[in-house]
Amino acid sequence: MSTSSYLCSSTLPIVSPRSSVLGSGDKTMLDESVKCPVTDCILPVDIVLRSSDQVLIGAHQANLAQFSEGFPTPSDVKATDDPVDLTEDSLTLRLLVHFTHKQRYPNLSITGTPVGTIFSLAEAAEKYLVYSAMVACNMRIDDSYVVELDPASALVYGVKFNYPGVANRAALWALTRRSVDDVVKAFGAGYESYSLSWVRYRETFLSLMGTMTRGSNSYFKYKGTFSSCTDEHWRLFYISVLADLPLTPGRFLSTLIDKGTPRDFLTTIIQNHRSYIEGGRVCGQCRKRMNNWSAEFSAELTAIKPFDTFLPLC
Ligand SMILES: [Zn+2]
Ligand SMILES: [Zn+2]
């Protein structure tokens with residue numbers, strides 16, 4: 001059984017869970033001093049896991065087989081006194097082993113477990129298919145606080161393990177909280193096409209800056225069309241609006257997206273400058289031009305599709 005994913009398995013370096021845990025391991029006798037990390041666990045330790053930081057962690061083959069689909073079963077492991085080398089650090093593995101017991105699971109609340117460890121545990125749980133840990137991590141990561149705190153990691157998690165709700169919300173947060181380099185680095189080597197998906201998503205928001213600039217083009221385009229319109233009111237309005245706009249990409253995105261949600265900030269801008277375009281003496285054509293400009297912007301903003309629609313099709 002395997003989880004579905006956005007990832008194209010034919011092009012990405014996805015690690016096979018079972019092969020990854022069957023490391024060569026130094027030939028050592030099973031060290032009886034190695035304990036199970038679960039307090040008061042009375043089950044005999046019959047397999048030793050060795051973390052990436054070289055910590056030996058005791059576990060139980062039958063439990064690993066029962067509670068996961070990626071750890072070795074007793075029949076997989078011929079020499080049970082060999083530590084099994086894993087790529088996860090000791091904090092992550094200790095937590096993961098808890099989820100292979102019939103005991104109350106660790107509290108993964110943000111105060112108890114660092115956000116970075118939650119993502120590491122989530123990755124390990126998905127890799128070894130420890131379902132109880134998978135759902136516990138997903139509930140924590142799906143929390144708005146975690147997505148806001150580390151949107152790049154949440155984005156990668158959502159994409160790699162097919163949680164579109166998390167991915168879409170993290171993609172929005174990342175627009176204002178992370179640079180392109182940050183997101184590319186978070187995805188890592190081999191996942192460039194998924195980084196590119198986020199860059200394309202980001203570009204659709206940045207293109208709205210062009211919609212604002214086209215406001216001046218419409219001035220020239222329509223100049224002279226209406227004999228009674230001198231463009232004066234539109235021009236005064238538009239010049240004052242432009243002076244108020246954030247015209248660098250970073251500032252523009254921060255203004256457009258507030259707390260992970262797009263907002264029609266043009267409404268606020270228009271409100272601040274409407275004295276130029278409203279009143280009995282204001283040209284109706286200029287006012288209509290302003291309304292069209294505003295409507296075009298709002299329509300473009302609304303039409304932006306969720307991030308997961310930018311992901312490559314396998
Ligand atoms: Zn135990
Ligand atoms: Zn006019």
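Predicted model: local features only at pLDDT ≥ 70, side-chain atom pairs only at ≥ 80, totals over all residues.
**Entry 1, helix 5.** I began with helix 5 (residues 131-141), where Ala 133, Met 134, Ala 136, Cys 137, Arg 140 and Ile 141 are buried. For me, buried means 20 or more other C-beta atoms within 10 Å of a residue's own, exposed means 12 or fewer, and partly exposed is in between, with C-beta atoms placed from the backbone. I then looked up what covers these residues, and the cover includes helix 3 (90-98), helix 4 (115-128), helix 6 (144-149), helix 7 and helix 8. I reminded myself that an α-helix has 3.6 residues a turn, so residues three or four places apart point the same way.

Residues are numbered from 1 along each chain as its sequence is written, and chains are lettered from A and ligands numbered from 1 in the order in which they are written.

I found 14 helices and 5 strands in the chain. Both are DSSP runs numbered from the N terminus: helices are H or I with at least four residues, strands are E with at least two. Of the 314 residues, 33% count as buried. Among contacts between residues at least 6 apart in sequence, 70% join residues at least 24 apart. A contact here means two C-beta atoms, placed from the backbone, within 7 Å.

How do helix 7 and helix 8 pack? I read an angle of about 150° between helix 7 (residues 151-160) and helix 8 (residues 164-177), with their axes 8 Å apart. The axes are lines fitted to C-alpha atoms, for helices over the stretch in contact, and angles run from 0 to 180 degrees between N-to-C directions. Helix 7 and helix 8 are therefore roughly antiparallel, a label for angles over 145 degrees. The contact includes Leu 155 and Tyr 157 of helix 7, and Trp 173 and Arg 177 of helix 8. I sorted the contact residues into 13 nonpolar, 1 polar and 1 charged. In that sorting, Ala, Val, Leu, Ile, Met, Phe, Trp, Tyr, Cys and Pro are nonpolar, Asp, Glu, Lys and Arg are charged, and the others, Gly among them, are polar.

I found 3 strands forming an open sheet in the order 2-1-3, with mixed pairing. Strands pair if DSSP finds at least two bridges between them. Strand 2 (56-59) and strand 3 (84-85) are the edges, each pairing on one side only. Strand 1 (residues 47-50) and strand 2 are antiparallel over 4 bridges, and Arg 50 has Leu 56 in strand 2 as its bridge partner. Helix 3 lies across strand 1 and strand 2, running at about 5° to strand 2.

Is Thr 39 buried or exposed? Thr 39 sits in the loop between helix 1 (17-21) and strand 1, and is exposed because 8 other C-beta atoms lie within 10 Å.

Next I looked at Thr 211 in helix 10 (residues 192-222). Thr 211 is partly exposed, with 16 other C-beta atoms within 10 Å. Leaving out residues up to four places away in sequence, Thr 211 touches Glu 296, Phe 297 and Glu 300. The C-alpha atoms of Thr 211 and Glu 300 are 8.6 Å apart, though 89 residues separate them along the chain.

Definitions and conventions: Parallel < 35°, antiparallel > 145°, perpendicular 65-115°, else oblique.
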